[in-house]
Every structure is written in structure tokens, then in C-alpha cells.
Amino acid sequence: QVQLVESGGGLVQAGGSLRLSCAASGRTSSIYAMGWFRQAPGKERAFVASITLTGGSTNYADSVKGRFTISRDNAKNTVDLHMNSLKPEDTAVYYCAARNSRYAQYGSWGQGTQVTVSS
């Protein structure tokens, strides 16, 4: 089993930056890819970005392309989400997730961290 813990959320003004970090523990050798999702009030959880741990292949939601960057540190078992040019519509609870194969669902989730962008 894999445990995930997010950190780095907070309050920032529009146009500012934040870095979220996700630390994985447990059966980290089973992880194929990790991703970030977000859920705004009254909305469904939505995909933000993902990265494969071998090869570092990345994927982004259209709404964050060019503003957010996902990166990994395999030695530390961490995945970061660097968020720049933040907008009020980026306000949400951000969740880290992991999946153990290319075609598997994300089966491990963190508890979430709040990001609030003020206008």
C-alpha cells in the first residue's frame, strides 16, 4: 500500500506562485505514475497534472498548461506541483494521487491541501 501526504498549500494573491509537494511512503516501488487533482467548492474533482516516475512523461489539463509544472524526485519519493500565474479559479483543495500501472485507476490518495487565490 502507498501513503501520500501533501503540503504547501495556502493563500496567495492572483498572479502569485505556490509549490505543492507530495511525499509517498510504503510500497513506493509499485508506483507507475503520480498525479495532482483538484476540487473546487460545488464542483467535481478534476485532473490537473501527472508524471510517470520512470521517464518523467508529463500530462497537463488545458487550464493549467504553461502555468503549472509537475516534477518528481525519485530518490526522495516526492512529486511537486509548481504553480505560477495563479488565478482565483485555481482555488480548490488539491489532492495527490498514485497509480501502479499505465492503465490502472489512481488508487492511492492524499488528504488534500487547500489553495486559495485571492483577486
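Predicted model: local features only at pLDDT ≥ 70, side-chain atom pairs only at ≥ 80, totals over all residues.
One cavity of 30 Å³ or more is present in the structure, and the largest cavity holds about 40 Å³. Its lining brings together Ala 24, Ile 31, Met 34, Leu 53, Asp 73, Asn 74, Asn 77, Thr 78 and Val 79. Sorted by class, five of these lining residues are nonpolar, three are polar and one is charged.

Strand 7 spans residues 68-73 and strand 8 spans residues 78-83, and the two pair in the antiparallel sense through six bridges. Arg 72 has Val 79 of strand 8 as its bridge partner, and Val 79 is also among the residues lining the largest cavity. Four residues separate the two strands of the hairpin. In this turn, Asn 77 adopts a positive phi of about 55°; Asn 77, too, belongs to the cavity lining.

Attention now turns to the open space. The largest pocket has a volume of about 160 Å³. Around it are Arg 38, Gln 39, Ala 40, Lys 43, Glu 44, Ala 46, Phe 47, Ser 63, Glu 89, Asp 90, Thr 91 and Ala 92. Strand 4 (33-39) and strand 5 (46-52) each contribute at least two residues to this lining. By class, the pocket is lined by five charged, four nonpolar and three polar residues, whereas the lining of the largest cavity has one charged residue alongside five nonpolar and three polar ones.

How values were computed:
Residues numbered from 1 in each chain as written. Heavy atoms only, no water. 1 Å grid on protein atoms, 1.4 Å probe; cavity = no way out; pocket = protein on both sides within 12 Å on 5 of 7 lines; lining within 4 Å. Points joined across faces, edges and corners; volume = space filled by probe spheres on them. Nonpolar A, V, L, I, M, F, W, Y, C, P; charged D, E, K, R; others polar. Pairing = 2+ DSSP bridges.
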